[in-house]
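Please read the notes below with the model open beside them.

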Amino acid sequence: MAVASQLEGSLAVARTVARCRPQVICAYPITPQTHIVEALSRIVASGELAPCEFVNVESEFAAMSVAIGASATGARAYTATASQGLLYMAEALFNASGLGLPIVMTVANRAIGAPINIWNDHSDAMALRDCGWVQLYATSNQEAADMHVQAFRLAERCSLPVMVCMDGFVLTHAVEPVELPEQEPVDAYLPPFRPRQVLDPEDPVTMGALVGPEAYTEVRYLAHAKQGEALDEIPVLATDFAARFGRASGGLIETYRCEGADTVIVALGSVFGTLQELVDERRAQGARLGALAIKSFRPFPVGELRAALSSTRGVIVLERAFSVGVGGIVTGDVRAALAGVDVDTATVIAGLGGRAITRSSLHAMLDRHEQGALQPVHFLDLDIDLVERELARHRDGERGGPHAENILRELGIVAAGPV
Amino acid sequence: MSEVRYYQTGTFASGNRLLADEAASAQADPGRANAITKGHRACQGCGEALGARYALDAALAAAGGRVIAANATGCLEVFSTPFPESSWRLPWIHSLFANAPAVATGIAAALRAQGRTDIRVVGQGGDGGTVDIGLACLSGMFERGDDVLYLCYDNEAYMNTGVQRSAATPPAARTATTEPLPGHPGNAFGQGKNLPLIAMAHEIPYVATATVAELRDLERKVERAMELHGPRYIHVLVPCPLGWGSEPRETIEVARLAKETGLFPVFEAEGGEVTGVSPIRRLRPVEDYLRRQRRYAHLFADGTGAETIARLQRTADRNIERFGLLDGEHGSQRRPLLEVLAEADRGPQ
């Protein structure tokens, strides 16, 4: 029987990945992913994970490229990254999915610069929303660990690469009890990788050739169809996982007290824990609130969301990233899932660049929502006065200076104070 | 009755039936791999198609047919693989423009993990994919000591996109982005990268240059590279009739002139030290090379190109001195080709 032990999230993921027996691991360091690959380098060097090649590459672009070469040669391949690193491998991400290579990658979600910021939000993974990878979002370290076991099986079953997204620092650096999936059931759950296409001198194939307009649409549609297969596969894998490991992890969505709810807050990632406490507190005050975590953002669980949210009156989509010039990113997909259903949807942008999403801020936001005073796109804890002053400064002079510096001066964080 | 004598033509033509078996080209073997086979869509006179075939067939012969290739985006990739057709008869992958060396690293890592080290890995690309956009991945592959032979087919510009300048474009050459205009004689002097020397600075096991004019020299260098493990780099000059404005039938001759003028030094190095050069057999002025190519036509349009031609001659002179191209001062570790040919000239035993 597995025993929970106090583990840092990164270490739990690294040890679980090792039990999935990857044959090639490539890594380029970026905060807050570093602890994962550091731990894996030790596990490989010690011989605990063998045979496995650990390759220290010169960039994230190379990391994904090495994974592409390894996966195409029939090896189970893994890497991890975050933030700028994910963007730096953007071209290779599209390539890996286009080639149908079942690479698994941890994304320790982090903000994107400028201004450079090492803390958590979902701007990185959301920016690569359309790269053809499955995107799973873990709500806890236990789930982050478990999702990797499921991710390898899903990837190899569907010939699709899978990203397991876990909130940087919030999860990667948090120490909490985690039951590591044990080796024997992992081996039973995850059979050896049998590639659908492989570079082999015994049976030479040409991979990655040019495709013109006569077939490009069909090839791209196949990628869409494969994500559709993944949508069917994810709940099956989660059920099988629960049967073998004795705990629920993964799946497409998770609901918390949504039955009879007037309002449901929809979110991705670790904030789901905060939302559950918030729901309990509001319910205790008589409010009919529920929470819903989207575990699989790509493929997007349209049917499950529609079923879970159709009887509610209001949906608040809490997003840790946004599309500049429009607003929510997840919101658009949620609205599409609820097409024709009489539900009000609002977007709340929260937790950017590591700003804590506190229950008190969420209570204040919900109070406004109940009063009908919530903006359709609401930025949680935004200091709008500060923004107005900065806009005015730039209207006044030709050289207003860098925004980040001006705002830090206003806040008194830069010692010289406002200019 | 007079003795019948066979004369070596001196062209280094491959497949010469008079050669001893050990000196024969892989192309002379009826069981040759034909790594890149007929039906591809390279232009007439394409140096890259020729160089790639010889290099890969030699690699396959050396590895008993067990080679996997990773290819950068570029002419070689496009002309060989419009789906559903493929000219490749070995397992071959194209991923991106900049990552062929890293994909090759991944293949080599997978093979090591799988215990299939009898299979060898080749990465290849043009000068753009190697010297410019792929340099970071190539340098990383070199410094880690990954077991990959990388072949750069250098035609000195971005030919696949319509002849734009690369960091391998020589001074004064006309490209679509270095048009000769008054005061601007084509590509600037004092720019560009010498990738064989950059590769040598990594102190990798083997670095060599070659041209498609001396295909058996190219084959021997591939064979030598295949005897070694770790990162190996071969830089092959491959004339491009389209981009250079040369006659398709003169590809071999233009490549030979690049070497015989000293503009393209042909040498090899092990562990960062030059171990051998191919000496110039009949020194020619750079003008003989330049006049064959319309990319240099502006130098001869009126009298104003004389100074530019003189600068290019100084570049060649410096190469000749630096690499000892006239006296062959570095010698050759292997048996000189001319000696082999002379022996063959005496006829079969």
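This is a predicted model: local features need pLDDT of at least 70, side-chain atom pairs count only at pLDDT 80 or more; totals for chains, interfaces and linings use all residues.

1. Residues are numbered from 1 along each chain as its sequence is written, and chains are lettered from A and ligands numbered from 1 in the order in which they are written.

2. The predictor assigns the complex an ipTM of 0.96 and a pTM of 0.94.

3. Between the chains, 37 residues of chain B are in contact with 35 residues of chain A, contact meaning that the C-beta atoms, placed from the backbone, lie within 7 Å. Helix α3 (100–113) of chain B is one of the elements giving two or more residues to this side, and α3(B) supplies the largest share, 11 residues. Helices here are DSSP runs of H or I with at least four residues, and strands are runs of E with at least two, numbered from the N terminus.

4. By class, the side of chain B that touches chain A has 24 nonpolar, 10 polar and 3 charged residues. Here Ala, Val, Leu, Ile, Met, Phe, Trp, Tyr, Cys and Pro count as nonpolar, Asp, Glu, Lys and Arg as charged, and the others, Gly among them, as polar.

5. The chains also share strand pairing, since β9 (residues 206–207) of chain A and β2(B) pair in the parallel sense over 2 bridges, pairing requiring at least two DSSP bridges. In this pairing A:Thr206 stands opposite B:Trp92.

6. Chain A has an open sheet of 7 strands in the order β3-β2-β4-β5-β7-β6-β13, with mixed pairing, and its edge strands are β3 (53–56) and β13 (296–298). α3(B) packs on this sheet, touching β2 (24–27) and β3 of chain A.

7. Within chain A, the axes of α3 (residues 60–72) and α5 (residues 90–98) come within 8 Å and cross at roughly 15°, which makes the two helices roughly parallel, a term for angles under 35 degrees. Their contact includes A:Phe61 and A:Met64 of α3(A) and A:Leu93 of α5(A).

Technical notes: Axes are lines fitted to C-alpha atoms, for helices over the stretch in contact, and angles run from 0 to 180 degrees between N-to-C directions. Angles under 35 degrees count as roughly parallel, over 145 as roughly antiparallel, 65 to 115 as roughly perpendicular and the rest as oblique. Two residues are in contact if their C-beta atoms, placed from the backbone, lie within 7 Å.
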